[in-house]
Structures are given as structure tokens and as C-alpha cells.
Amino acid sequence: MSLQIDARGLLCPLPVLRLRKRLLGQPPGTRVTLLATDRAALVDVPHFCAESGHVLISVRETAPGQTEYTVERGPDA
């Protein structure tokens, strides 16, 4: 299952909070794609995944100033 969050234009901490909320209640292995323009997300998303037990699958720039993060819900999150 893959879900998408459009957090473009939102500033820290909103992109990570939306990611956290979407991952809650999802079964392990669910993938969520987060689109964000906040530069702080480059630090916040990997930190959130490491602290919460989720897996950061990929990070890629999809447009100037826009980054796409693919996160998989961890088994013990």
C-alpha cells in the first residue's frame, strides 16, 4: 500500500507531523510518500524515521526546491 502527503508550502514541524499522523494506524510495510518544500525536512524526516523505527526508502528532488521522501512504516514503530 502506498499513500501520499502533499506538504508543499508547509514549514517545520508540519511536514513531519503530517507524516507521523499518516503512519499511525497503518500496518508495517505501508509506504508513504511525502512531498515537501521545507528545507528543514532534509534533516527532520531522516531523524524522525531513525527515532520512530520507520525506514527511509528514498529521498529525491522532484522539482527545484521540492523533495520527495518515501518512508516505510517499520515493524516496531
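Cys-12 counts as partly exposed, with a relative accessibility of 43%. On this scale, buried means under 20% relative accessible area, exposed means over 50%, and partly exposed falls in between (1.4 Å probe, protein chains only). Cys-49 is buried, at 2% relative accessible area.

The model is predicted: local features need pLDDT of at least 70, side-chain atom pairs count only at pLDDT 80 or more, and totals for chains, interfaces and linings use all residues. Residues are numbered from 1 along each chain as its sequence is written, and side-chain values use heavy atoms, with hydrogens and water left out.

How many disulfides does the structure hold? It holds zero. A disulfide here is a pair of cysteine sulfur atoms within 2.5 Å.

## Fold and dimensions

The chain contains two helices and four strands. Their order along the sequence is β-α-β-α-β-β. Helices (H or I, at least four residues) and strands (E, at least two) are DSSP runs, numbered from the N terminus.

The C-alpha trace spans about 35 × 20 × 15 Å along its principal axes. The radius of gyration is 11 Å, in agreement with the value near 11 Å for a compact globule of 77 residues. That radius is taken over C-alpha atoms, and the globule rule is 2.2 Å times the number of residues to the power 0.38.

Contact means heavy atoms within 4.5 Å. Take the contacts between residues at least 6 apart in sequence: 62% of them join residues at least 24 apart.

## Surface and charge

Of the 77 residues, 38% count as buried. The accessible surface of the chain comes to about 4,400 Å². Carbon and sulfur atoms account for 54% of that surface. Areas come from the Shrake-Rupley method with a 1.4 Å probe; for residues, only the protein chains shown count as cover.

There are 9 positive and 8 negative side chains. The centres of the two sets lie 7 Å apart. Lys and Arg count as positive, Asp and Glu as negative; His and the chain ends are not counted. Each charge is placed at NZ of Lys, CZ of Arg, CG of Asp or CD of Glu.

Which residues does a cis peptide bond join? The pair is Cys-12 and Pro-13, with omega about 10°. Pro-13 sits in the loop between strand S1 (2-7) and helix H1 (14-23). Gly-9 has its place in the loop between S1 and H1. Gly-9 counts as exposed, at 58% relative accessibility. Between Gly-9 and Gln-66 there are 57 residues of sequence separation but a C-alpha distance of 9.6 Å.

Ala-41 belongs to helix H2 (residues 41-52). Its C-alpha is 7.2 Å from that of Cys-12, with a sequence separation of 29 residues. Is Ala-41 buried or exposed? It is buried, at 1% relative accessibility. Setting aside residues up to four places away in sequence, Ala-41 touches Ala-36, Pro-46 and Tyr-69.

Gln-4 lies in strand S1. Gln-4 and Val-32 are 28 residues apart in sequence, yet 5.5 Å apart in space, C-alpha to C-alpha. Beyond its neighbours within four places in sequence, Gln-4 contacts Arg-22, Thr-33 and Leu-35.

Glu-61 is in strand S3 (residues 55-63). Its relative accessible area is 54%, which makes Glu-61 exposed. Leaving out neighbours within four places in sequence, Glu-61 is in contact with Gln-66 and Thr-67. Gln-26 is 35 residues from Glu-61 in sequence and 26 Å from it in space, C-alpha to C-alpha.
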